[in-house]
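Please take a moment to look over the sequence and the model shown here, and then follow the text through them step by step.

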Amino acid sequence: MDKEVKNARQTEKELVDNVADLEEQAVLAMVRRLLDDGVDPLSIIYACDRGMRVVGERYAQGEYYIAALIMAGEIFRQVVELVEPHVEIQAPEAASGHVLLGTVQGDIHDIGKDVFGMLLVCHGFHVNDLGVDVPSSRFVDAACEERPDIVGLSGLLTSAYDQMRETVTALRRAMADWEQRPYLIVGGGQIDEEICRYVGADDWRLDAMDGVHLCQRLMAERRGSSEDVSR
C-alpha cells in the first residue's frame, strides 16, 4: 500500500512538473494514461491546477512571459476537454447552492473561471457562467433575476481590479434592501487580501479547489444561521 501511495504521489508530481514546464505532449499523454487507468479525474484536474499556479509564479518572477501563459492556458484547456467526460456530475436537485460566475469587463481570460465552474458543478452547485468581458450591469441584471447565493468575479489582468470594484459597488447598491444578499467573492491573477479589500468583496481565492471549499463553507454558514453575513 505504501508503495502504491508513493507511486501515486510521484505520478502527481510528474504531472504538476510537466504542466509547469509547458510540456504539452507529455501532459496530454499522462492524462490519457491516467484516465485509462481509472484515476479519479478530479485529482488530475487538481494536479494540473497546481502546475498552472507554478506557471503563474514563474510569470510573476519574470521567468515566463505572456506567451507562456497563453500556452499553459491552451494545455489546461485540452486537459479539461479530456477529463470532463469522465467527471461524475451531481444531480441538479442535490445542488449545494447557486453561484453566478463571470470574468469582469475588459478581461477575456476564462481558463481559471471555467475550471472553478466545473468543479463547483462536480460538487453539487448550480452554476450560471456569464462568460468573459461581462459588464457590471449584466452581473446586476442576472443577480436580480436569479437571486444567487454567491457571485464570483474573475479577472487575471491587474487592470480588471477597478472593474471588479465597480461591479461589487453596483451589486451592493442593487442588493441594498434584499433580506439575504449573495456573498461576493473574487479570484484570478495576483489577487490577495489587499485587492479583495480594495474591490470590496467578501472573500477571495486563487486556487480553484480552495474556491470550492470556500463556497461550501459559506453555504454551511448560511444554512446554520438565519442572519445575513456582510463583511
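**A walk through the model**

Leu22 is buried, with a relative accessible area of 13%, and this residue lies in the loop that links helix 1 (2-20) to helix 2. The model is a predicted one, and in it the phi angle of Leu22 is near 65°, which is a positive value in a residue other than glycine.

The axes of helix 2 (residues 24-36) and helix 4 (residues 66-83) come within 10 Å of each other and cross at roughly 15°. Because angles under 35 degrees count as roughly parallel, helix 2 is described as roughly parallel to helix 4. The crossing in which helix 2 passes helix 4 is right-handed. On the side of helix 2 the contact is made by Glu24, Val27, Leu28, Val31, Arg32 and Leu35, while helix 4 contributes Met71, Ile75, Gln78, Val79, Leu82 and Val83.

At the start of helix 3, a side-chain oxygen of Asp40 reaches to within 3.1 Å of the backbone nitrogen of Leu42. Leu42 is itself buried, and the buried residues of helix 3 also include Pro41, Ile44, Ile45, Ala47, Cys48, Asp49, Gly51, Met52, Val55 and Gly56. Just after helix 3, Gly62 takes a positive phi of about 85°.

If residues up to four places away in sequence are not counted, Lys113 touches Leu101, Gly102, Thr103, Asp129, Gly131, Val132 and Ser154. Gln163, which is found in helix 7 (residues 160-174), is likewise buried, with a relative accessible area of 12%. Leaving aside its neighbours within four places in sequence, Gln163 is in contact with Val104, Gln105 and Ser136.

Asp133 sits in the loop between strand 2 (126-129) and helix 6 (136-146), where its phi is near 55°, a positive value in a residue other than glycine. Asp133 is partly exposed, with a relative accessible area of 39%.

Leu157 belongs to the loop between strand 3 (150-154) and helix 7, and with a relative accessible area of 33% this leucine is partly exposed. Which residues does Leu157 touch, not counting those up to four places away in sequence? They are Gly106, Asp107 and His109. For Gly106, which is 51 residues apart from Leu157 along the chain, the separation between the two C-alpha atoms is 8.7 Å.

Notes. Residues numbered from 1 in each chain as written. Predicted model: local features only at pLDDT ≥ 70, side-chain atom pairs only at ≥ 80, totals over all residues. Heavy atoms only, no water. Buried < 20%, exposed > 50% of the residue type's maximum accessible area, 1.4 Å probe, protein only. Helix = DSSP H or I, 4+ residues; strand = E, 2+ residues; numbered from the N terminus. Polar contact = N/O pair within 3.5 Å; in protein donor to acceptor, adjacent residues only side chain to side chain. Axes fitted to C-alpha atoms, helices over the stretch in contact; angles between N-to-C directions. Parallel < 35°, antiparallel > 145°, perpendicular 65-115°, else oblique. Left-handed = near helix turned anticlockwise from the far one by under 90°. Contact = heavy atoms within 4.5 Å.
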